[in-house]
Amino acid sequence: MAPFIKTYHDDDKIQEAIEILKSNKVDTKDIYVVTHDDDRTKRIADNSGANTIGMSEQGVADAVKTTFKKKGDELRNKLENIGFDENQAKQYEAELDKGAVLLIVTESYGVNLDTLLA
């Protein structure tokens, strides 16, 4: 089953959503943010306590390979490594091209995330 994902266009809104998740016992190790801009991704992750998709999620070989790929290829690869299929990864990467921020939760511990973040 693919992870939960929700698209945001406002950095403050995604940080609020992450706070809601944490206050509802979703472990921060399962909360990720992805943007098309590495600095923005890091800033949101640092400010909210969320994670970025890095070497531990990708594996060393994939992390090294993505270093030499175009940004879109790198993002699709990261999304596939965290649990999305190729078509989903392409769809979400297209959203990132439009300036979106993706909130990804890999384990919800029985919490209905759609309702919680509605």
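**Why these words? Questions on a predicted model**

Modeller: Start with lysine 71. Setting aside neighbours within four places in sequence, lysine 71 is in contact (heavy atoms within 4.5 Å) with His36 and Asp38. This is a predicted model, where local features need pLDDT of at least 70, side-chain atom pairs count only at pLDDT 80 or more, and totals for chains, interfaces and linings use all residues. Residues are numbered from 1 along each chain as its sequence is written, and side-chain values use heavy atoms, with hydrogens and water left out.

Biologist: Where is lysine 71 placed? Why does lysine 71 count as partly exposed?

Modeller: Lysine 71 is placed in helix H5. Helices (H or I, at least four residues) and strands (E, at least two) are DSSP runs, numbered from the N terminus. Lysine 71 has 21% relative accessibility, so it counts as partly exposed.

Biologist: What makes aspartate 30 count as buried?

Modeller: Its relative accessibility is 6%, so aspartate 30 counts as buried. Aspartate 30 is found in the loop between helix H1 (11-23) and strand E2 (31-34). Beyond its neighbours within four places in sequence, aspartate 30 is in contact with residues including Asn51, Ile104 and Tyr109.

Biologist: How do you know that leucine 21 counts as buried? What is leucine 21 in contact with?

Modeller: The relative accessibility of leucine 21 is 0%, and therefore leucine 21 counts as buried. Leucine 21 is found in helix H1. Leaving aside neighbours within four places in sequence, its contacts are Val26, Ile31, Leu103, Val105, Leu113, Leu116 and Leu117. Take leucine 113: leucine 21 and leucine 113 are 92 residues apart in sequence and 8.1 Å apart in space, C-alpha to C-alpha.

Biologist: Why does tyrosine 32 count as buried?

Modeller: Tyrosine 32 has 7% relative accessibility, so it counts as buried. Tyrosine 32 is found in strand E2. The C-alpha atoms of tyrosine 32 and valine 105 are separated by 6.3 Å, although the residues are 73 apart along the chain.

Biologist: Why is lysine 25 called exposed? What is its phi?

Modeller: The relative accessible area of lysine 25 is 68%, so lysine 25 is exposed. Lysine 25 lies in the loop between H1 and E2. Its phi is positive, about 70 degrees, although lysine 25 is not a glycine. Most residues other than glycine have a negative phi.

Biologist: What makes tyrosine 109 count as partly exposed? What value is its phi near?

Modeller: At 40% relative accessibility, tyrosine 109 counts as partly exposed. Tyrosine 109 sits in the loop between strand E3 (101-105) and helix H7 (113-116). Phi of tyrosine 109 is near 55 degrees, a positive value in a residue other than glycine.

Biologist: Which residues in H5 and H6 meet?

Modeller: Gly72, Leu75, Arg76, Leu79 and Glu80 in H5 meet Glu86, Ala89, Lys90, Tyr92, Glu93 and Leu96 in H6.

Biologist: What makes H1 oblique to H2?

Modeller: The axes of H1 and helix H2 (residues 38-48) come within 10 Å and cross at roughly 40 degrees. That angle makes H1 oblique to H2. Residues of H1 that meet H2 include Asp11, Ile14 and Ile18, and their partners in H2 include Arg40, Ile44 and Ser48.

Biologist: And the whole chain? How many helices and strands are there?

Modeller: The protein chain has seven helices and three strands. Along the sequence, the pattern is β-α-β-α-α-α-α-α-β-α. Of its 118 residues, 41% count as buried. Among contacts with a separation of 6 or more, 66% join residues 24 or more positions apart.

Notes: Buried < 20%, exposed > 50% of the residue type's maximum accessible area, 1.4 Å probe, protein only. Axes fitted to C-alpha atoms, helices over the stretch in contact; angles between N-to-C directions. Parallel < 35°, antiparallel > 145°, perpendicular 65-115°, else oblique.
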